[in-house]
Amino acid sequence: MNKNSLMAMALFILAATNCLIAGEICGNFAPHYDLLIRPVSMTLVRFAVKGSVRIPADVDRIAFADIPWQKFTFSVGNVEQTPDKDGTIYRPEGCREASWQIDFAGVSALRPPKSAASDDEIYCLNNFPPNPEIITDKAAFYQIRFDLPAGYKAITFNRELSSAIGIQFQIARFQEPIIRKTKNFTFEYVFPENFSADEEYMLFLENTMEKWSALFGNPGFNLVRIGVIRRGEAKGEINGSPCGNLILLSRSALGGKVDLSGMAGLGITADDGLQFRKMVLAHELSHFWFGVRFTGSDGWMTEGIPQYLGMCAVRGEGVDQVIPLLKFTEYLDKMIPQDAIPGKPFSEEQVNYIRAYYQGSLALYRIGEKIGHEQLQALINDVFAKNPNPEFADFDSLFRELYPDRLAEWTKAWRL
């Protein structure tokens with residue numbers, strides 16, 4: 001079997017391309033943005049953006065990230081400001097008010113896969129900002145308005161929620177929202193015209209959200225907004241992107257076409273699409289916690305745990321249901337060195353990508369098979385409850401305390 005084609009399939013199923021923005025942090029505060037976004041046309045991922053951001057008076061300078069697809073002008077008090085080579089703008093002399101404001105206007109020309117325009121729809125996903133972004137350790141707040149052609153609307157996350165991964169939205173001609181309720185959540189499905197979801201996946205999504213909430217606590221909101229986009233549609237990819245209380249899913253995730261032909265050599269057929277859809281749904285929903293409330297120093301903590309939870313959610317519908325997922329995971333595991341899994345960051349580079357998503361989740365799954373998956377999930381929750389940004393030593397010490405007779409299996413699973 002062609003290893004490159006299987007790696008491509010792995011990236012298709014859980015496509016995640018992050019925009020890395022770097023620079024010196026000038027002021028550790030939560031920015032509050034006011035944005036007006038206008039698509040230049042409905043066939044281009046090009047946005048005209050105007051807006052402002054307020055800066056606390058005790059912050060004397062800020063640094064905007066250097067984002068290559070943006071071209072903006074900045075002003076303070078109607079006086080144009082030119083950021084220095086590090087993107088820094090300084091507070092005007094004599095400013096003694098409770099805050100000062102930077103205004104900006106310009107154009108962002110985005111590109112796939114995190115933004116695309118096709119068939120009368122546009123989407124922009126997290127970590128791919130069309131607006132200027134201040135470099136800070138704090139999550140930002142966004143008040144977003146849209147200037148759209150007649151007949152179009154936009155969906156995004158609720159403005160009272162902060163985001164450390166930028167903004168996310170979809171523009172389309174939408175149907176009336178479908179509202180469904182569970183014990184703790186209201187689900188607002190906002191679909192473009194001529195799309196309908198499979199009831200089975202909607203029910204699975206709702207039940208999984210309740211399950212993760214029971215395990216990890218309320219995510220900070222009770223309204224979950226769900227949209228579907230054309231990301232990877234032509235290739236039958238399954239993916240999703242959460243931000244705030246909005247999750248944008250590929251059409252395939254809720255019942256559209258899935259192409260698993262690249263996995264035929266593993267004994268995986270088109271009939272297994274159900275399991276792969278559900279794994280991705282459960283994985284992406286878990287990111288309402290992992291990557292927001294919970295982070296971690298290793299790649300397996302931010303992506304391997306959601307992938308493990310995705311497999312567990314499928315396993316909960318029958319042990320045999322997880323078999324194709326394990327076949328796929330075990331094959332990818334063997335594509336890279338069999339060295340220690342902890343202590344490695346997440347990146348798009350192939351080895352660290354596979355180590356985080358697939359080696360990390362496989363280690364967790366094998367440990368869960370030994371001590372019980374509910375017990376392992378409780379252990380994970382206990383670690384993050386004590387330290388939302390843990391290291392492997394936090395997991396290791398708690399496991400050794402709770403399961404001293406299973407240390408050999410723990411060590412073997414992590415290849416220590």
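The model is predicted.

**Stop 1**

Select residues 178–181 and 186–189. These are strands β14 and β15, which run antiparallel and are joined by four bridges. Now look at the turn between them. A hairpin of four residues leads from β14 to β15. Pick Lys181 and find its bridge partner in β15, Thr186.

How does the chain get from β15 to β16? It crosses through helix α2, residues 199–216, and this β-α-β crossover is left-handed.

**Stop 1: helix α3**

Select residues 273–286. This is helix α3, with 14 residues. Does its length fit the count, or what span should you expect? At 1.5 Å a residue the helix should span 20 Å, and its end C-alpha atoms are 20 Å apart, so the two agree. Colour the helix by accessibility. Of its 14 residues, 13 are buried, so α3 is mostly covered.

**Stop 3**

The whole structure holds 18 salt bridges. Show the side chains of Lys278 and Glu200. They meet in a salt bridge, 2.9 Å from N to O. Lys278 sits in helix α3 and Glu200 in helix α2, so this is a link between distant parts of the chain, 78 residues apart. Glu200 has 36%, so it counts as partly exposed.

**Stop 2: a network**

Move to Glu233 and Arg251. They form a salt bridge, with the closest N and O atoms 3.9 Å apart. Glu233 lies in the loop between β16 and β17, and Arg251 in the loop between β18 and α3, so the pair ties together parts 18 residues apart in sequence. Glu233 is partly exposed, at 33% relative accessibility. Arg251 is buried, at 8%.

Together with Glu233 and Arg251, they are linked in a network of salt bridges.

**Stop 3**

Select Asp339 and Arg355. The closest N and O atoms of this salt bridge are 2.8 Å apart. Asp339 is partly exposed, with 33% relative accessibility. Arg355 has a relative accessible area of 5%, so it is buried.

**Stop 4: aromatic rings**

The structure holds 34 aromatic pairs. Show Phe216 and Trp289. Their ring centres are 6.4 Å apart and their planes meet at 50°, so the pair is tilted. Phe216 belongs to helix α2, and Trp289 to the loop between α3 and α4; they are 73 residues apart. Both are buried.

Next, show Tyr353 and Tyr357. The ring centres are 4.6 Å apart and the planes are at 35°, so this pair is tilted. Both residues lie in helix α6, four residues apart, about one turn of the helix. Why can side chains with that spacing face each other? An α-helix has 3.6 residues a turn, so residues three or four places apart point the same way. Tyr353 and Tyr357 are both buried.

**Stop 5: two buried residues**

Select Gln377 in helix α7, residues 373–386. Its relative accessibility is 7%, so Gln377 counts as buried. What is it in contact with, beyond its neighbours within four places in sequence? Show Leu215, Tyr308, Leu309 and Cys312: Gln377 is in contact with each of these.

Finish at Leu332, in helix α5, residues 323–333. Leu332 has a relative accessible area of 0%, so it is buried. Now draw a line from Leu332 to Gly151. They are 181 residues apart in sequence, and their C-alpha atoms are 45 Å apart in space.

Note on methods:
Residues are numbered from 1 along each chain as its sequence is written. This is a predicted model: local features need pLDDT of at least 70, side-chain atom pairs count only at pLDDT 80 or more; totals for chains, interfaces and linings use all residues. Side-chain values use heavy atoms; hydrogens and water are left out. Buried means under 20% relative accessible area, exposed over 50%, partly exposed in between (1.4 Å probe, protein chains only). Contact means heavy atoms within 4.5 Å. The expected span of a helix is 1.5 Å times one less than its number of residues. Two strands pair if DSSP finds at least two bridges between them. A crossover is right-handed if, with the strands pointing away from the viewer, the path from the first strand over the helix to the second runs clockwise. A salt bridge is a side-chain nitrogen of Lys or Arg within 4 Å of a carboxyl oxygen of Asp or Glu. Rings of Phe, Tyr and Trp (its six-membered ring) pair if their centres lie within 6.5 Å; planes under 30 degrees apart count as stacked, over 60 as edge-to-face and the rest as tilted.
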